[in-house]
Amino acid sequence: MGISLLAPDSWVRNYDMTLRLYVETLEAEYLNTNFEQAEVLAEVVLRSAKNQLDIVKVYQLKILFYQAQSQMLKAVETGLEVLAMLGVNLLDQQTIAVPKLPRIEELENLPVMTDPYQLAAMEILTALYPPAYIAKPEIVSSLVLTMVNLCIDRGHSALATFPYTLYGTILCGIEGDIEAGYYAGLIALKLLEQFNATQQKAKVYVMFNGHIRIWKESTKNTLPSFLEGRTFGLESGDLEWAVYNSKHYIANLFLVGETLDLVKEKQTIYMEFLIKNKHEFAIGYAKVWQVIASSLRSKTAEQLRLVSGRLDEPAVMSRWQKENNRMSLFAAYVAKLMLLYLFKDYAPAVAHGKLAAEYADGAIGLITVGVHNFYYSLALLAHYPHSDNQEASLAIVNSNQQLMKKWAYHAPMNYQHKYELVEAEKARVINDKLAAMDYYDLAIKGAAANGYIHEEALAYELAGEFYQSLDKEISARAYLTKAYYAYIRWGATAKVKDLGSRYHYLVERHQDAIHKNVITTAQTTINNSWVLDFSTVVKASQAVSSEIILSHLLEKLVQLVKENAGAQKVLFLAKTGNQLFIEAGLTGQFNDVTLLQSLPIAESESLPISLINYVDRTQKYLVLDDATQAEQFQFDPYIATNQPLSILVLPIIHQGNLTGIFYLENNLTKGAFTSDRLEILGILSAQAAISLENARFYSILETRVAQRTENLHTALEELRHTQLQLIQSEKMSSLGQVVGGIAHEINNPINFIYGNLYYTNEYAESLLNLLRLYQNNYPNPVQEIVHETDQIDLDFLMNDFTKMIDSMRVGAARVRDIVLSLRNFSRLDESDRKWVNIHEGMDSTLMILDHKLLNIQVIKEYGNLPLVNCYPGEINQVFMNVLTNAIDAFCRERGSEVDSKRTPTIQICTEVAEGNQVAIRIVDNGVGMNSEVLGKIFDPFFTTKQVGKGTGLGLSISYQIVVEQHGGKLICKSEPGEGSEFTILLPS
């Protein structure tokens with residue numbers, strides 16, 4: 001309407017208003033999916049616009065509506081054309097350096113991009129990515145590197161959020177650097193917050209959740225995020241990426257193993273959104289996953305064939321190939337591979353897996369890559385006996401497993417069980433039976449723990465077939481039964497019927513669980529009709545199977561039984577050994593379950609014991625329409641007293657053994673437990689048997705884990721204790737070797753010197769006396785003697801010589817004392833406890849540290865101590881460690897200078913303390929410690945010193961010596977700036 005009112009020369013006379021009106025109308029036509037009219041308007045603007053910036057928005061919209069029409073190559077050509085016009089060329093991925101990602105905490109300080117031409121280029125690059133990814137993947141890396149480098153070189157903006165998720169996609173999906181890719185994704189999320197980039201959220205959510213998050217977190221986490229991204233896209237007008245969020249939600253909803261009823265419900269809702277917006281590419285891609293989900297819900301083989309045939313319709317596949325729509329082609333081949341494998345058509349499954357591999361570059365980083373890896377490996381192994389090239393098949397499987405193992409390392413919740421199931425199948429193929437058994441069980445456990453119902457069911461099925469191949473019928477039936485019920489929980493009717501057609505006992509077990517061996521009164525006959533509310537069974541089964549905590553499971557079981565049976569009273573009895581115990585009960589109109597903590601049935605007056613014993617003995621169902629009229633049981637004390645009407649006693653059988661009993665009662669009506677209710681309860685009881693076994697196993701496992709954790713903790717403490725002993729022993733041994741060498745090398749020579757100095761002094765005195773006699777008797781010597789006397793200053797020499805000898809004696813004595821102190825310090829020759837003088841050990845330690853104490857005042861206040869019974873060498877080691885720490889407390893950061901602001905002082909006090917103990921206090925006035933450091937000082941390997949300056953073992957070893965070896969105490973008190981006080985208490 002507005003355009004029609006414009007004057008013919010409006011582009012000349014009123015350019016700005018005309019441009020704005022045309023561009024807004026163009027965008028409205030695109031949003032309303034009027035693509036032909038949008039194309040006409042775009043051409044008008046491109047002919048009339050005056051500068052490059054005015055047409056950027058038009059080109060951006062052209063790229064978008066080409067995508068919506070699935071004309072991906074045309075969208076790519078348009079994007080590259082406008083980039084050239086803006087002077088931006090894609091970087092060569094072969095020559096460009098790897099971008100250095102900024103630190104997340106520094107993002108707020110980085111420059112902001114403001115150049116309008118650079119911002120315009122970022123807009124076009126952003127719009128260009130989806131079609132390039134889909135139809136021209138060979139330019140994707142160059143495109144992304146160009147965007148990231150523009151941000152790093154020219155500044156960040158709201159537009160920078162998207163490139164970092166793209167780079168994260170390349171790192172995860174192409175380079176295999178999952179940690180770096182995830183980090184790039186976190187940068188994008190931070191930039192969203194920093195720039196409040198609402199307009200970019202839909203894009204970023206698609207890329208982060210669809211291509212990055214799945215390699216690091218549970219894939220299930222992506223589902224709510226895709227819906228959130230869709231909402232952001234609609235609110236900001238980013239319809240294109242709202243569509244992509246919906247498309248990925250539809251795919252992931254199926255692939256993560258959500259129940260197929262839920263998948264159908266949600267897929268229908270969001271498929272309608274895609275259809276409404278006429279987005280042909282998204283519709284085609286999403287329909288792949290809608291079709292496979294529908295196929296698995298098929299009720300007949302013919303329906304399955306017809307529905308699954310829509311996965312690779314020739315017309316659709318031909319169009320996608322013409323458009324080079326590699327993402328959709330890959331998805332279609334993967335979905336077909338899954339169906340063919342699940343229904344045992346292995347040769348075509350392998351062929352489709354191979355075809356899918358040719359288009360894998362169209363699904364960089366997507367969940368479908370992992371799914372293809374998984375099912376292609378399984379198909380190759382299943383087809384292995386009939387393969388023309390078995391070696392090549394195993395090589396592909398091994399290559400796939402290398403990738404799967406890497407993915408499992410980073411996201412075990414998504415990929416570990418897949419890796420283990422393929423390993424199980426590989427072990428089966430190479431006839432490694434024991435390995436196969438272990439891997440099947442690991443895969444089942446992992447799939448169940450992480451909520452992959454469909455892959456849990458598949459693992460059970462493959463394990464059952466494996467055991468059947470070994471003629472282990474009991475084990476095979478157990479696993480296949482679990483597979484059967486797991487497929488029921490998933491809602492895969494086609495697979496349920498497939499298993500039932502191949503293993504008839506599964507269907508018979510369903511019917512037997514309800515119909516056989518049921519006692520009825522005259523009023524009730526249970527026929528063999530298969531009347532069943534399938535949806536109710538599935539939901540109840542799912543609710544039961546989702547619990548592995550025994551108490552929670554019992555609560556849920558009792559409530560479900562009450563709801564589905566129409567009972568007023570429900571009791572659950574567990575069998576332990578040969579006895580039955582009431583574990584849970586639900587009575588009255590309220591749904592509060594009472595857990596009874598294993599009450600023996602003999603101690604209960606709340607149920608008829610004779611009925612329970614009958615079912616326990618026969619393992620058969622018992623239904624009484626009117627218990628008061630049942631001749632066989634009417635004299636039971638409970639029935640006689642309480643006059644109940646309808647009673648159902650339902651055994652729970654697991655692998656042929658009775659594991660529990662449900663007791664149900666209804667006193668409002670006769671014949672309350674009808675055949676349709678019994679059918680539901682029969683299936684529910686079969687699932688309950690499995691779930692109870694799993695819960696009991698989980699409980700046992702938890703107990704074992706707790707015990708193992710406690711054992712590991714004890715072992716760790718013992719290891720730490722042993723480690724410290726070894727370290728201490730090694731240190732003391734090394735010290736002993738050094739001291740022994742010093743003592744051996746120095747002690748004998750110094751004793752020789754010290755002993756000879758006495759005689760040297762005597763000889764010198766004699767010579768000097770003789771010289772004095774010559775001077776007295778010959779006062780006038782010849783001139784030559786006079787000259788020499790003056791030269792050597794004979795008077796000074798005679799006066800100083802004896803002093804020099806005395807100094808040498810003092811020095812030699814000092815050396816001898818040091819050697820003695822070293823021996824007293826180490827006492828390595830004294831392996832037994834001895835009564836020693838503590839002061840001697842302290843003095844020896846101080847003498848050894850004398851060179852470090854030059855600028856430190858040492859105050860000794862020794863009390864009158866008794867001898868102490870101890871290991872002398874180890875106690876001296878404690879003194880050394882504590883004093884060394886005290887000395888270090890006075891040093892600056894590098895420990896080279898003593899702090900000049902105070903007079904460094906170490907005070908050593910000894911006294912007899914209470915309790916017949918000896919107390920040694922070593923106090924310094926150094927820098928002190930805060931409470932955090934104080935709490936850790938006795939921990940092994942904890943140190944506040946610089947790297948290479950300390951091992952963090954000294955005080956830990958000291959604590960062990962004092963406390964553990966001597967039964968004493970080592971206490972430290974300290975405040976920052978107030979110094980530290982160590983108190984050593986030893987039994988005297």
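Is Pro163 buried or exposed? In this predicted model, Pro163 has a relative accessibility of 0%. Buried means under 20%, so Pro163 counts as buried.

Let me place that residue. Pro163 is part of helix α8, which covers residues 161–175. Leaving aside residues up to four places away in sequence, Pro163 touches Met122, Val144, Met147, Val148 and Cys151. There is also a C-alpha distance to give: Pro163 and Asn149 are 14 residues apart along the chain, and their C-alpha atoms are separated by 9.4 Å.

Next, a pair of helices. Two packed helices are described by the angle between their axes and the distance between the axes. Here the pair is α11, residues 222–236, and α12, residues 239–255. Their axes come within 7 Å and cross at roughly 160°. An angle over 145 degrees counts as roughly antiparallel, and α11 and α12 are therefore roughly antiparallel to each other. The crossing of α11 past α12 is left-handed.

Which residues of α11 and α12 make the contact? On the α11 side they are Thr222, Leu223, Ser225, Phe226, Leu227, Gly229, Arg230, Gly233 and Leu234. On the α12 side they are Leu239, Ala242, Asn245, Ser246, His248, Tyr249, Asn252 and Leu253. Sorted by class, this contact has eight nonpolar, eight polar and one charged residues.

Last, helix α35, residues 872–888. From first C-alpha to last, the 17 residues of α35 reach 24 Å, close to the 24 Å expected at 1.5 Å a residue. Of those 17 residues, 14 are buried, so α35 is largely enclosed by the rest of the structure.

Notes. Residues numbered from 1 in each chain as written. Predicted model: local features only at pLDDT ≥ 70, side-chain atom pairs only at ≥ 80, totals over all residues. Heavy atoms only, no water. Axes fitted to C-alpha atoms, helices over the stretch in contact; angles between N-to-C directions. Helix = DSSP H or I, 4+ residues; strand = E, 2+ residues; numbered from the N terminus. Parallel < 35°, antiparallel > 145°, perpendicular 65-115°, else oblique. Left-handed = near helix turned anticlockwise from the far one by under 90°. Contact = heavy atoms within 4.5 Å. Nonpolar A, V, L, I, M, F, W, Y, C, P; charged D, E, K, R; others polar. Expected span 1.5 Å × (residues − 1). Buried < 20%, exposed > 50% of the residue type's maximum accessible area, 1.4 Å probe, protein only.
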